[in-house]
Amino acid sequence: MELTYTSDIQFISGVGPERAKSLRAIGIDTVKHLLNYYPRKYLDRTRILKIGNLRYAEGIVTVIGTVKKADVIKNRGRGGQRLQVFLEDGTGTMELTFFQGIPYLKTSFRVGEAFAVSGKLEQFGPRFSMIHPEYDHIQQEDDELKLINTGGIIPLYPTTDLLRKTGFDSRGFRRVMKKVFERLDLNSIPDTLSLSVREQFKVSDFSLSLKAIHHPGSNDELLSGLNRLKIEEILYFNLQMGLRKLRIQENEKGFTFTAEDQLVKKFYQSLPFQLTQGQISVLRDIRSDLKRSHPMNRLIQGDVGSGKTVVAMMAMLMAVDNGFQTAFMAPTEILAEQHYRTMLTYFQPLGLDVVLLTGSLKTASKNSGLGMIQSGMTRIVIGTHALIEDQVIFQNLGLIVVDEQHRFGVIQRAKLKQKGILPHVLVMSATPIPRTLSMTLYGDLEVSKITELPKGRQPIKTAIIFDKDRSQLFRTIREQIKRGRQAYFVYPLIEESEKLDLKAATDALEEIRAEFSDFQVGLLHGRLSSEEKEATMAAFKAGEVNILVSTTVIEVGVDVANASVMVIEHAERFGLAQLHQLRGRVGRGSEQSYCFLITSFKLSKDGKERLATMERTTDGFEIAEKDMEIRGAGDLYGTRQSGMPDLQLLDLVKDEPLVIQSRQISDFILKDDPHLRKPENRLLRDRVLSEPSDTLILNEIA
Ligand code: ADP
Ligand code: MG
């Protein structure tokens, strides 16, 4: 009987009830599921060599020969035993060594039988040997080239104990896959990409790609199969984002902001500095968005310190000039309060009320804030997640701004948006995000970039300092403070954990107070009440506190231009993105700033690489790419919250050309068929709509 893509696994020959059960335990019920169980890596065994020609070389080689001798031998010294097999092929003899599975292997490697073995060559004494090679018993009727476990490109499959018990080790999977492809009707595998798209972008058929990754005939075949599947991994997400963007653009019911600038102008004149070219060009983008009849949906990407807040403030004033309310959402209370204070400073002189809304507000001030928002008495609202609570009702919300947007999920963004009727949306991200990731993750947004820092900023000098050189470091810091500068000391944790041996901020506070007894030292951490936090931040900002000892609560956004020293304790414990954010707290004025990464000698390889990267560059994008290279995209940058699919094959850094191609394919399809209504896109449409995603996105598409 022929197999089809949807056949149940019980129809595969060699899969009896017991094996079926172990497959079902990992969610494999059909041929389709089985084919979507991807190999985790491949071994290239295309090089079949004669023993007499073997040279010591890196890499895997394959040898075919007959068993001359197979003995179980006691290991000298360390006990236990091993199976030693001598294999000859007429040109020489080599040795195979096995430490595990000896009883079974002993019966397999019978003298006189032929085997193909693949593995890494080792050389002990005169003879070459392989330890635990992959092997294939060659029967007479077997054609050498048909070997499934050796002599070709060999897929290795992920497996579990349960699977292994029923014979599904890598060999078992390979055998089953072979059986499947012998009887599978490839035409029964639907291809979501139309023939014309496949031809246009030169991507393989889906069915052939599946065959290629499980049963590669050549390296080229494998590569094009993998490429197709990698492109596909983010294609549906790209399409979702693209559809979202199109629906927003089609919606003609947005507010058009056409009133003359009044507040905007006054604000602009009150600024103590000139805007950078980058800021001006982003403002131009925003201005033209706001004049259109569909809502703006724009991301401002700019490295730490590039001055995104001012741009947001001008956009907010455009809303107010047009009689609308505007809400600004920040991820932490400290940040919301800082923005609140900045905006008060600039907006109060313009005669504007500003309301702050955070979770820790006292009921009375919260209620009065809520009242001012609902009645429209205040046009400008700043807050944390507290803004998306049900009780917050706006009179006429025209623009929302989301700061440090990677800290929020799509759902939170969307919830705030629902507080208005199609308000304009401006999101800002300081976390430099690798280009390929932002291309995917922000596929629904228009993107503006601020590529330059304000004039007069000097690059921050960064140095790795070992614990023992602390006293010298303290001298440097003392000099800075004497010159009127301020310093941060950041610690990974607030309380000493016996096991981790971390210097906790509270303990450190004592040490630093003793060291700098002639200066004011403040403490900031997450457990303080918001009044305490606020008071400490205010004192630091005012210059009354010279040194701020803190946990990572100051990680994002905090802006004190006079601070020129950032000391990060146990720097090896932080990720790169975090280190970059923390370092971004200094270098915000015209003075030379310094970042000291304190660490011990005992560094992991990754830790070393992270710190070296920080020392080498201040370029946020370079740092982000390195970060993704070290850690993988995984859960970085809020990819999970965003609804982006788990990536099994695609590597956002290494596969950059494919990421770009996937996006191009998505754009191409939507340009031709913006609603995915054409018959050749029917499968694609079904697939896009069935992708797991939050319902808010789906509602916008449907
Ligand atoms: P970020 O982009 O990291 O959010 P901020 O908006 O906090 O950066 O700006 C960093 C600092 O730079 C602030 O103190 C801000 O007042 C200042 N700043 C912004 N734009 C300019 C400019 N064009 N010239 C000089 N200083 C600026
Ligand atoms: Mg900011």
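Predicted model: local features only at pLDDT ≥ 70, side-chain atom pairs only at ≥ 80, totals over all residues.
I started with arginine 198, which is buried at a relative accessible area of 13% (buried is under 20% relative accessible area, exposed over 50%, partly exposed in between, with a 1.4 Å probe and protein chains only). Residues are numbered from 1 along each chain as its sequence is written, chains are lettered from A and ligands numbered from 1 in the order in which they are written, and side-chain values use heavy atoms, with hydrogens and water left out.

**Arginine 198**

I placed arginine 198 in helix H6, residues 195-201 (helices are DSSP runs of H or I, at least four residues, numbered from the N terminus). Its side chain makes a polar contact of 3.3 Å with the side chain of aspartate 191 (a pair of N or O atoms within 3.5 Å; within protein, one must be able to donate a hydrogen and the other to accept it, and residues adjacent in sequence count only if both atoms are side-chain atoms). I also found a polar atom of the arginine 198 side chain 2.7 Å from the backbone oxygen of leucine 193. Beyond neighbours within four places in sequence, arginine 198 has contacts including Val203, Ser204, Asp205 and Arg228 (contact means heavy atoms within 4.5 Å).

**Leucine 683**

Next I looked up leucine 683, in helix H23, residues 682-690. Leucine 683 comes out partly exposed, at 33% relative accessibility. Neighbours within four places aside, leucine 683 touches Pro190, Asp191 and Thr192.

**Domains 2 and 3**

The domain assignment, automatic or from a database, gives domain 1 (41-156), domain 2 (262-291 + 307-429) and domain 3 (461-617).

How much area do domain 2 and domain 3 bury between them? About 1,100 Å², 49% of it on carbon and sulfur atoms (accessible area, 1.4 Å probe, that two parts lose on being put together, summed over both). On the domain 2 side, Ile334, Gln338 and Arg341 lose the most, together 46% of what that side buries.

I noted 2 salt bridges across this interface (a side-chain nitrogen of Lys or Arg within 4 Å of a carboxyl oxygen of Asp or Glu). Separately, I looked up arginine 341, which forms a salt bridge with glutamate 534, closest N and O atoms 3.6 Å apart.

Terms used:
Helix = DSSP H or I, 4+ residues; strand = E, 2+ residues; numbered from the N terminus.
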